[in-house]
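Trainee: I have a structure to read. Can you take me through it feature by feature?

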2 protein chains.
Amino acid sequence: MRVVITGAAGFLGKKLTRQLIEKGTLAGPDEKQHPITEMLLVDLLDSPIPDAPGIAIEAMVGDITKADTIARVFAKPCDSCFHLAAVMSGQSEEDFDLGMSVNMDGTRNILQALRAQANTPRFVMASTAATMGGDLMPEIIRDNTAPQPTNSYGTWKAVCELMVNDFSRKGFINGRVVRLPTIVVRPGKPNAAASSFCSGMIREPLQGDPANVPVPPDTEIWVASPRSAVHFFIQTHELPGDTIGITRIITPPGLTVTAREMAEALKRVGGEEAYNRLTWEIDPPISTIVCGWAGKWESKRARAWGYNIDPDFDSIVKIFMEDDIERK
Amino acid sequence: MRVVITGAAGFLGKKLTRQLIEKGTLAGPDEKQHPITEMLLVDLLDSPIPDAPGIAIEAMVGDITKADTIARVFAKPCDSCFHLAAVMSGQSEEDFDLGMSVNMDGTRNILQALRAQANTPRFVMASTAATMGGDLMPEIIRDNTAPQPTNSYGTWKAVCELMVNDFSRKGFINGRVVRLPTIVVRPGKPNAAASSFCSGMIREPLQGDPANVPVPPDTEIWVASPRSAVHFFIQTHELPGDTIGITRIITPPGLTVTAREMAEALKRVGGEEAYNRLTWEIDPPISTIVCGWAGKWESKRARAWGYNIDPDFDSIVKIFMEDDIERK
């Protein structure tokens, strides 16, 4: 099996790469497991190449909006492609044309390259809870609730979801989409995203720094751990093609937690001292954005298919402490 | 007001052009009525120019996927654009790339040209009931039911709906989408579309020709008359911008009728002789497609906004006899 990962230098891309190496096999067109023999890691930045005996791993720096990158990436046909590369919400909002170009046209470039292959490769794309929003949103998001993004990132992801559906229906690819919850706890630094605090309110105090919670304590957020996110990608890849049906979009089961519950988990798992590094100053613009997000998701299909689920928010805090904490 | 109509040579385009001339005014950015002074009729084919004292009407032959057409169409900024040009379902299914190019990229070209204008033009796009289908479809389609197209035409229209939403949210355009029911009775000849019989079973017998109904008599179809379709476009144009909210997609109220009810209306309105020209031979492939369509639509927002509605199927048959029948 030759596997291509785009966005491989990102935090989820790196974890997915390592998990695939550990797993060692993936489902092929016959739905049986086959050894992964080659991996191509694509990103705008250099992707780290982990040690993986028996797997030829190559890293490639390139831009999926460019024809020459696409030609290089798919010069050799792949069996599976995990497509994580994207311009994220903050930047998509700031630079509309860049977001459209990378998130929509870049994805289409990949889909067209996969379609041109002689085989029917499996394709797994990361999508987002940011596809939901707006004034017609029901209290619980179901598998057949209309995307109503209130941001450009969510728009282009919803567009790509439709493309993956149709390319799959036509038999050009064997496509699947994972509509990710807010992934908590992200390692690294706070950023300008409205969701930044969801990770920051756990990460910073555990690393000895203060953090502010800019939303009311009762605000519901739909979250999953980075480990779950990686499992979602792989579980979605492994679903037999004929199980999925027309709609290739899979909403995995996240946890619905309030900001207060997140803080309480921090206290239980990380201790009083960490908890006391939290401040609660409402930031009205951020609060408005976050309160407009969908807190409750049914995830009926994914639950029926036995998707991995984080048992509680305490576990999510522990996963960060085990996998990603940067101790000073 | 300068008004651009794409797909102006099509059967709905021609009717819309005439109706706009008759109306004479359209809502402007101040939500007040302003006289239509210029109209540009764009199509791949030559658009007929109706007589319209006081309105400078120009026809232009061009392809919306081509930069030079877009430059010519929007050389002079418009105030309103009705976008009806599209590659329809049969052809989109046969020629995937053509459908994608015209329906997605062509629409984006227009949106980008409108965005480049100094004003914020009103934009009304025709979308389709073919955005719905698939295995997650509820019994009644609501305004927040996810598009799950089972055809490429519906896919690209659903993609464009999302683009219109986001271009509107960003303030680039003042966009609106009309998700049309099956329009019955279309004038002209039968075609290869699965929906062809919906018009054919009324049109052909009334014009003296036999017609077959290829679906079981209880099959539900969601329909509206061509007159209603034109009203939907104009009503949707006229909605005040701040009424609509984030989701710019409007599902107008169609009629849910069975094939049997359609035939009975034909007998009542067109007579026994016309009715006896119908045969009922199930065509399994067509029947499967049509039975997969959504028969019941809530259209809650459009009903609340007082959208025009065909009172019954008898009226729809009468409209054809008044407007479009070709007597031999």
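Predicted model: local features only at pLDDT ≥ 70, side-chain atom pairs only at ≥ 80, totals over all residues.

Trainee: How many residues of chain A are in contact with chain B?

Mentor: Start with the term. Two residues are in contact if their C-beta atoms, placed from the backbone, lie within 7 Å. By that test, 25 residues of chain A are in contact with 26 residues of chain B. Helix α5 (residues 152-169) of chain A gives the largest share of chain A's side, 8 residues. Helices (H or I, at least four residues) and strands (E, at least two) are DSSP runs, numbered from the N terminus.

Trainee: How do the residues on that side of chain A divide?

Mentor: Ala, Val, Leu, Ile, Met, Phe, Trp, Tyr, Cys and Pro count as nonpolar, Asp, Glu, Lys and Arg as charged, and the others, Gly among them, as polar. The side of chain A that touches chain B has 10 nonpolar, 10 polar and 5 charged residues.

Trainee: Next, the sheets. What is the strand order in the sheet of 7 strands?

Mentor: Two strands pair if DSSP finds at least two bridges between them. In chain A the order is β5-β4-β1-β6-β7-β9-β13, an open sheet with parallel pairing. β5 (56-61) and β13 (249-250) stand at the edges with a single partner strand each, so one side of each has no neighbour in the sheet. Inside it, 7 bridges join strand β7 (residues 122-128) of chain A to strand β9 (residues 174-180) of chain A. A:Ser127 stands opposite A:Arg179 in β9(A).

Trainee: Which strands does α5(A) touch?

Mentor: α5(A) packs on the sheet against β7, β9 and β13 of chain A, and its direction makes about 155° with that of β7(A). Axes are lines fitted to C-alpha atoms, for helices over the stretch in contact, and angles run from 0 to 180 degrees between N-to-C directions.

Trainee: And the sheet of 3 strands: is its pairing parallel, antiparallel or mixed?

Mentor: Mixed; the order is β10-β12-β14 (chain A), and the sheet is open. Strand β12 (residues 220-224) of chain A runs antiparallel to β14(A), joined by 4 bridges. A:Glu220 has A:Thr258 in β14(A) as its bridge partner.

Trainee: Last, helix packing. At what angle do α1 and α7 of chain A pack?

Mentor: Helix α1 (residues 11-23) and helix α7 (residues 226-238) of chain A pack at about 60°, with their axes 10 Å apart. Angles under 35 degrees count as roughly parallel, over 145 as roughly antiparallel, 65 to 115 as roughly perpendicular and the rest as oblique. α1(A) and α7(A) are therefore oblique to each other.

Methods: Residues numbered from 1 in each chain as written. Chains lettered and ligands numbered in written order.
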